[in-house]
Amino acid sequence: MDSANPDSPRPNRPQPSGPRSSRKHTPKVNTKGLYQRAIKDAFVKLNPRQMIKNPVMFLVLVGTIITLLVTIDPNLFGASQGQNPRRFNGLITVILFFTVVFANFAEAVAEGRGKAQADALRSTKSDTIARKILPDGSIAEVSSTTLHQGDRVKVIAGDLIPADGEVIAGVASVDESAITGESAPVLKETGSDVASSVTGGTRIISDELTIKITSDPGKGFIDRMIALVEGAERSKTPNEIALTVLLAVLTLVFVFVIVTLPAIANYANSPVSVAVLIALLVALIPTTIGGLLSAIGIAGMDRVAQFNVIATSGRAVEACGDINTLVLDKTGTITLGNRLAEEFIPVNNHSMTEIATVALAASVFDDTPEGKSIVRLAEKLGANVDFDRSKAEGIEFSAKTRMSGTNLPDGREARKGAVDAIKGFVRSRSVGGAHSRSGEITPELDTAYERVSNLGGTPLAVALNGNIYGIIYLKDIVKPGIKERFDQLRRMGVRTIMLTGDNSITASVIAGEAGVDDFIAEATPEDKIAVIQREQAQGKLVAMTGDGTNDAPALAQANVGVAMNTGTQAAKEAANMVDLDSDPTKLIDIVVIGKQLLITRGALTTFSIANDIAKYFAIIPVIFTSANLQSLNVMGLASTNSVVLSALIYNALIIPALIPLALTGVKFRPLTANQLLQRNILIYGLGGVVAPFIAIKVIDVVITAVGLA
Amino acid sequence: MKRINLLNWVSQLKLVEGVSFVWFEWRRQQLPLAIFLLLCLNLIIAPVVYAASSGTLERRSAWAIGILGLVTLGLVIYLFDVIFRPERY
Amino acid sequence: MFQGFIQIALTLLIVIAIAPILGKYIARVFLGERTLIEPVMIPLERIIYSLGGIRAKDDMTGWQYAQALLYTNFVMGVFVYLLLMLQGILPLNPTNLIAPSWHLGLHTTLSFLTNTDQQHYSGETTISYLSQIAGLSFLMFTSAATGLAVGIAFIRGLTGRPLGNFYVDLTRSITRILLPISIIGALLLLILGVPQTFAAPAVVTTLEGVTQYIARGPVAAFEMIKQLGENGGGFFGINAAHPFENPNSATNLIETLAMISIPAALIHTYGIFANNTKQAWLLFWMVFTIFVILVSVTAIGEYQGNPLVSSILGAEQPNLEGKEVRFGWAETAFWAVATTATMCGAVNGMHDSLMPTGGFSTLLNLFLQIVWGGQGTGTAYLFIYLILTVFLTGLMVGRTPEFLGRKIEKREIVLASVVLLVHPIVVLIPSAVTLAFPNTLSGISNPGFHGISQVVYEYASAGANNGSGFEGLGDNTLWWNLSTCLSLLGGRYIPIIAILLLADSMAHKQPVPETAGTLRTDSLLFTGVTAGVILILGVLTFFPVIALGPIAEAFKIANGQ
């Protein structure tokens, strides 16, 4: 679209609405065999080279190896005590091993789902033969993978478009359903901002196009997204890195605690075996979050992909959660793209039927949604076409005349358009003619004009020859449910700013109706950057959507820029996300995903640390036999061996138990930060303290009953 | 005099060569070399552990504990590295 | 019984009353606003600055601040070490004391330099008057001022101000805060009977006809800064239990208040800097609550006494072993918790003789380091915990965690982690080594679980820069002197550097405006969560040693062994 007027209607753009879930049309993801493959991968990932990337789990792996050694030879580190230490050590080894495998499994499942997602994306990207236009103008057939930025290719009906690019010649319709899921073909033509960019993997279904390739092989949007959801090129996001540090610190602290324990315990005449020490260490270090951390990150990217959004980095998705300000265009985002006729306001003593008839006459050839809505309204009011359509001539809207209409067979001219344009038209037709009263521009007209403006509508004047018949009230329809979404955003602390080309009266009405926090009327593209910079100067993070070439600087300036897939290549390059459905409100969903990602990490970390209390209270009282700490054994656990095993089994099982949560993310509710904290602390903090007490007790009873310990 | 100098020179060369050899091998195959160095270090540690235990430990256990200690030390260094350079992991 | 608890309650009430006033005063001093003593101090400071060649307006970066601090401390350390080693040939040495051993001298110097004042000697028989005044008293002022400067620089950084100039902060801490209060306090102590003299020990002949030497000296001045600056190094070996240091309940009250007042006030100072008195009060009440719980646990334990002794006496009697009868169980219990909470480290009774509940409380104080905490550094540690809590829980509201509008990112977590890591390292590792060789190294006087408490306490006290001793430990040995030196230095300077760098990086962050999505850190909920995080992180780290020390001992006594 031409952003010089952010309000110009977008024709032929389906505007998805309705509940989010119904819009989430995942490309068919093949989950068959996902779990078998994940199980296999979980073992493949035991390779120390991979394990070393995850400090917590690497420690567990090293611990497993050491307990394996004391299983083979229980007296390796000095004489062992207790009956059958080999069996006990063996059990510890098995549980520790499974702890690592479960963690790997979590990652593998997340990656597997990502891969399935990537395969679905990749299926659109088969290696095709491209017709490359050589410098001398001749055409050579080359593989699409050899195309580089700047190459020019020709595609004709039936071809797959070989790579992302920009149309430099031709007009054609393209089926983009492979990536957007939208079945209606899209018109692509050169020059126009909206329709000049094409995406690799889509199919041209009519005519032919010459395309200039804008990305190198493997660097297109789809390629980047594939790499991201597969987890192969996943670099850690800033918050993830900070969390990794914290987990490593906690791990290190507990390593020091455990390393110093034998000397102290020996002094107290309660020597503790190496296997038990390792068990205690593994119980204390944050294995739950350590095992699930990477799965959470991969699953987050996967969720973004499911929403049909291509993110160029995980960092951008995470930044979405931090957004303070959302800059949105009015048209197509807050209101439906099209204004609809709501009412006819007759002036100059004309009747309602008269104005309806003239409006109908002026609109019969108008195919825009506005025109069609006028026809509908006029017919509802009983107006008929009283002339021979085939003999009449339609006058198209042009930016210069700012009106459209019909030249009737009898020579009369029916016009509708911007009020001052019609005023001018009426004056020109009145010159030399009879000074009929109805040709005069009366104050009544201005009153009607103001009334419509004050309602937030767009007034169109209707005239027949030199007579003004009245005003058509074109109403901007605020998208259903948008007000609630902005309410949610406000509660999440996100401010919304609406940009519109309308005058400030109209803008304020729409702003009020949609419930945005602020609006900029009569906005130019430069205003967009200015607004973003102003907000950023206050330390805020700004997100915006855009699609035009002149949106590109603003998209680059914004902390999160979401380009519409229908937008220009320049806009897509400048943005850090591309929405394949070209639905500007989707930004709100991405904000939620970003927040969910952080909440899930925080919640599982809190849960993991809170669990330590129960594990301590289970293990410490029983391992120092000489210290008589039995009264601290609040859970009444059976024996030293059963306690250690129960705690470890709990520790191992909690990882697979939480995989679903890690993959789907903690449910996000649009509450204020304090309400969220209260809720999540209650569930994951308090829950994390209480749950293991119960679980360990239950496991203890079970394994004692089956005689495992 | 001259001969001794020459010997000195040769042995220095050998030392440099040895160091560079170990260094290059280190870059090539880290794990086996790490294990080798670990065992070498343990030559010093294990007798200390054995002596400190004043006869309550077998010689074999002293060795095992020495290695366990070194592995732990390695883990501590590794964790410090994770803390200060988390981007690498 | 009631008398004891009323004494404790009254002291607490006074703390609640004076903390905000003193906090406001400290804030005025460091915000550069006018205070009452301005006319006297400005010329004095001007002389100091011109002598030192300092331009008061130069703000320092975190690293510059840390460097200035380290250089200054190094120079002061060398000076005092030389003074101690040469005291035999220097004046003001009426009892002709010779130089201490090199390692004792080193330990003493570092211990006073780091605001710890752990003493492996008895003052009256080891340190000359000159060393007491020019060496140890001097360090008591400068080390307290160093801590205060760090605390203030940290608060400035957190609230987005430049860190300030170390030399100016050091000078101001002394001239505007420590010196004036010390002068008034010392005069009060003098009036209440604490001696202040350069005369040699008094020689008296007792009724039995034995000649007795009664040690005395310039005690009053020494005593006040010892309490006020969270130093705690006694003029005499038995510290504030000595009748010349702490003759009666009135001096006991003054000295108790002196040690709690500045750390408690600094929380309010933060409130003024951050323009958020609500948060300051919430944090104050959080720390206060933990403090009161620990005091209660200790006081009840002491009041109930030792069941083994009670069974012999046939009635439940308070535990008075190792206590001065003029203070009784209540004042001693309160002092014991206060002195470990504030990192003062002065004692008015024998901590070794406290019931296990007392051992538990005092140890926990040393482990947490934030129940008031040391001069300046305690407040900084409190905010380190706050930052860690913000990071943990902040993620749960779905945003990059931020504190006072500043984002907590990798660098902040790394620096906060360093602070978190140092303590377990400097406490647990030397404790383990010592306990691994009990016969050669430890010098434990009371083996068993109590021995563990003794050893861990000694290192915890050194690492937390507290300085009190569980006592009963033969600690003037090469091993103890040198190993505690490492804990002293590690526990003092590594966190200080990390704190200053953290303050610097926070100061340079662009603050994010507050919205409904911002986690408020001045809510009751968040403060409660902070308390939880402090207890979990602090207690979990040291739970095994607490379990094997005081807790095991408590069960042992309860079982009648």
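Biologist: Across the interface of chain C and chain B, how many residue pairs are in polar contact?

Modeller: The model is predicted, and this count takes in pairs with both residues at pLDDT 80 or more. On the side of chain C that touches chain B, the residues divide into 5 nonpolar, no polar and 1 charged. Across this interface the rule finds a count of residue pairs in polar contact of 1.

Biologist: Which residue of chain B forms a salt bridge with C:Lys410?

Modeller: Between chain C and chain B the rule finds 1 salt bridge. The closest N and O atoms of the pair are 2.7 Å apart, and the cut-off for a salt bridge is 4 Å. The partner of C:Lys410 is B:Glu87.

Biologist: Which three residues supply 66% of the area that chain C buries against chain B?

Modeller: The contact joins 6 residues of chain C to 6 residues of chain B. About 460 Å² is buried between the two chains, with 81% of it on carbon and sulfur atoms. The three residues that supply 66% of the part buried by chain C, more than any other three, are C:Lys410, C:Val414 and C:Leu421.

Biologist: What area is buried between chain C and chain A?

Modeller: This contact takes 60 residues from chain C and 60 residues from chain A. Carbon and sulfur atoms give 78% of the buried area. The total buried between chain C and chain A is about 5,100 Å².

Biologist: Which helix gives the largest share of the side of chain C that touches chain A?

Modeller: Helices α14 (377-394), α15 (410-436), α17 (449-463) and α19 (524-558) of chain C each supply at least two residues of that side. The residues of the side divide into 42 nonpolar, 13 polar and 5 charged. The largest share, 15 residues, comes from α19(C).

Biologist: How many salt bridges does the rule find across the interface of chain C and chain A?

Modeller: Polar contacts are found between these chains, with a count of 8 residue pairs, both at pLDDT 80 or more. Charged residues number 5 on the side of chain C that touches chain A. The salt bridges found by the rule across this interface number 0.

Biologist: How many residues has the largest nonpolar core?

Modeller: In soluble globular proteins, nonpolar side chains tend to be buried together. In this model, the residues with the most contacts inside the largest core are A:Met577, A:Phe624, A:Leu629, C:Phe291, C:Trp372 and C:Phe403. Helix α8 (residues 238-267) of chain A gives the largest share of this core, 19 residues. The residues in the whole of the largest core number 327.

Biologist: Which residue of chain C is in contact with A:Phe624?

Modeller: A:Phe624 is among the residues with the most contacts inside the largest core. Neighbours within four places in sequence left aside, its contacts in chain A are A:Leu261, A:Ala265, A:Ser270, A:Val272 and A:Leu629. The contact of A:Phe624 in chain C is C:Leu548.

Biologist: Which residue of chain C does A:Phe617 touch?

Modeller: A:Phe617 lies in helix α21 (residues 586-623) of chain A and is partly exposed, with a relative accessible area of 26%. A:Phe693 is 76 residues away from A:Phe617 in sequence, and their C-alpha atoms are 8.8 Å apart. Not counting residues up to four places away in sequence, A:Phe617 touches A:Leu632, A:Met635, A:Phe693 and, in chain C, C:Phe543.

Biologist: Is B:Asn42 buried or exposed?

Modeller: B:Asn42 lies in helix α2 (residues 30-52) of chain B. Leaving aside neighbours within four places in sequence, B:Asn42 is in contact with B:Pro47, B:Trp63, B:Gly66, B:Ile67 and B:Leu70. Because its relative accessible area is 0% and the cut-off is under 20%, B:Asn42 counts as buried.

Biologist: What pattern does chain B follow along the sequence?

Modeller: Chain B has 3 helices and 0 strands. Of its 89 residues, 26% are buried. Read along the sequence, the pattern of chain B is α-α-α.

Biologist: What is the relative accessible area of A:Asn308?

Modeller: A:Asn308 lies in the loop between α10 (287-306) and β10 (309-311) of chain A. This residue has a positive phi of about 65° although it is not a glycine. A:Asn308 is buried, with a relative accessible area of 3%.

Conventions
Residues numbered from 1 in each chain as written. Chains lettered and ligands numbered in written order. Predicted model: local features only at pLDDT ≥ 70, side-chain atom pairs only at ≥ 80, totals over all residues. Heavy atoms only, no water. Contact = heavy atoms within 4.5 Å. Buried area = accessible area lost by both parts, 1.4 Å probe. Salt bridge = Lys/Arg side-chain N within 4 Å of Asp/Glu carboxyl O. Polar contact = N/O pair within 3.5 Å; in protein donor to acceptor, adjacent residues only side chain to side chain. Nonpolar A, V, L, I, M, F, W, Y, C, P; charged D, E, K, R; others polar. Core = buried A, V, L, I, M, F, W, Y, C linked by side-chain atoms within 4.5 Å. Buried < 20%, exposed > 50% of the residue type's maximum accessible area, 1.4 Å probe, protein only. Helix = DSSP H or I, 4+ residues; strand = E, 2+ residues; numbered from the N terminus.
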